[in-house]
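Subject: Structure handover

Hello,

Here is the structure I promised to pass on. Please open it next to this email and follow along.

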Amino acid sequence: AVIQHFIQLPGFENVPKGLGAVTSPPGTYGFVLLFLVSGVLELVLWKDDPKKAVGDFGNPLLVPGLSDDMRNRELNNGRAAMFAAMGIIAAELATGKDAVEQFF
């Protein structure tokens, strides 16, 4: 929500910032590509193991000392990030300003 306000990839300089990027032509292509890549990752590479609990992918990065307490902290951090993203989207829909423009 902050980085895309200041930095845009080559070829996407004229794409509006914020939610408008999804509905403008070059931004739409990037969104479709992102959607397809994430779909392939979800459906092909990241398979659930029926022997494990839902969402338990083990410790793929081999982080030392990864405990149940740390996993719960990470889950709660992810939940808080989802609520923050919803707040940013709601604010943009209400005001028409992206996340950075909300402060100025």
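This is a predicted model: local features need pLDDT of at least 70, side-chain atom pairs count only at pLDDT 80 or more; totals for chains, interfaces and linings use all residues.

**Pockets**

Start with the largest pocket. Its volume is about 520 Å³. The lining of this pocket is made of 17 residues. Nearest its centre lie Phe12, Ala21, Gly27, Gly30 and Phe31. Two elements give two or more residues each to this lining: α2 (20–23) and α3 (25–45). The largest share comes from α3, with six residues. What classes of residue does the lining have? There are 10 nonpolar, six polar and one charged.

Now go to the second largest pocket. Its volume is about 430 Å³, and 15 residues line it. Look for Gly58, Leu66, Arg71, Glu74 and Leu75, which lie nearest its centre. By class, the lining divides into eight nonpolar, four polar and three charged residues.

**A nonpolar patch**

Next, the surface. Val22, Phe31, Val32, Phe35 and Leu36 form a nonpolar patch there. Together they have about 470 Å² of accessible area. Helix α3 gives the patch its largest share, four residues.

Phe35 lies in helix α3. Is Phe35 buried or exposed? Its relative accessible area is 56%, so Phe35 counts as exposed, because the cut-off for exposed is over 50%.

**A salt bridge**

Side chains of opposite charge can pair when their charged atoms come close. How many salt bridges does the count give? The count comes to one. Asp69 pairs with Arg73, and their closest N and O atoms are 3.2 Å apart. That is a salt bridge because the cut-off is within 4 Å.

Both residues lie in helix α4 (residues 68–95). They are four residues apart, which is about one turn of the helix. Asp69 is partly exposed, at 45% relative accessible area. Arg73 is exposed, at 54%.

Most residues other than glycine have a negative phi. Now check Leu62. Leu62 is not a glycine, yet its phi is positive, at about 55°. Where does Leu62 lie? Leu62 is in the loop between α3 and α4. With a relative accessibility of 69%, Leu62 counts as exposed.

Pick the C-alpha atoms each time.

- Val40 and Pro60: 20 residues apart in sequence, 19 Å apart in space. Val40 lies in helix α3 and is partly exposed, at 47% relative accessibility.
- Arg79 and Val22: 57 residues apart in sequence, 24 Å apart in space. Arg79 is in helix α4 and is partly exposed, with a relative accessible area of 45%.

**Where to begin**

Begin with α3. Helix α3 gives six residues to the lining of the largest pocket and four residues to the nonpolar patch. End in the loop between α3 and α4, at Leu62.

Best wishes

How values were computed: Residues are numbered from 1 along each chain as its sequence is written. Side-chain values use heavy atoms; hydrogens and water are left out. On a 1 Å grid over the protein atoms alone, a cavity is a set of points where a 1.4 Å probe fits but cannot get out, and a pocket is an open set with protein on both sides within 12 Å along at least five of seven lines; lining residues have an atom within 4 Å of a point. Grid points are joined across faces, edges and corners, and a volume is the space filled by probe spheres set on the points. Ala, Val, Leu, Ile, Met, Phe, Trp, Tyr, Cys and Pro count as nonpolar, Asp, Glu, Lys and Arg as charged, and the others, Gly among them, as polar. Patches are made of residues with over 30% relative accessible area and no salt bridge: like charges are joined within 9 Å, nonpolar side chains (Val, Leu, Ile, Met, Phe, Trp, Tyr) within 5 Å. Accessible areas come from the Shrake-Rupley method with a 1.4 Å probe; for residues, only the protein chains shown count as cover. A salt bridge is a side-chain nitrogen of Lys or Arg within 4 Å of a carboxyl oxygen of Asp or Glu. Buried means under 20% relative accessible area, exposed over 50%, partly exposed in between (1.4 Å probe, protein chains only).
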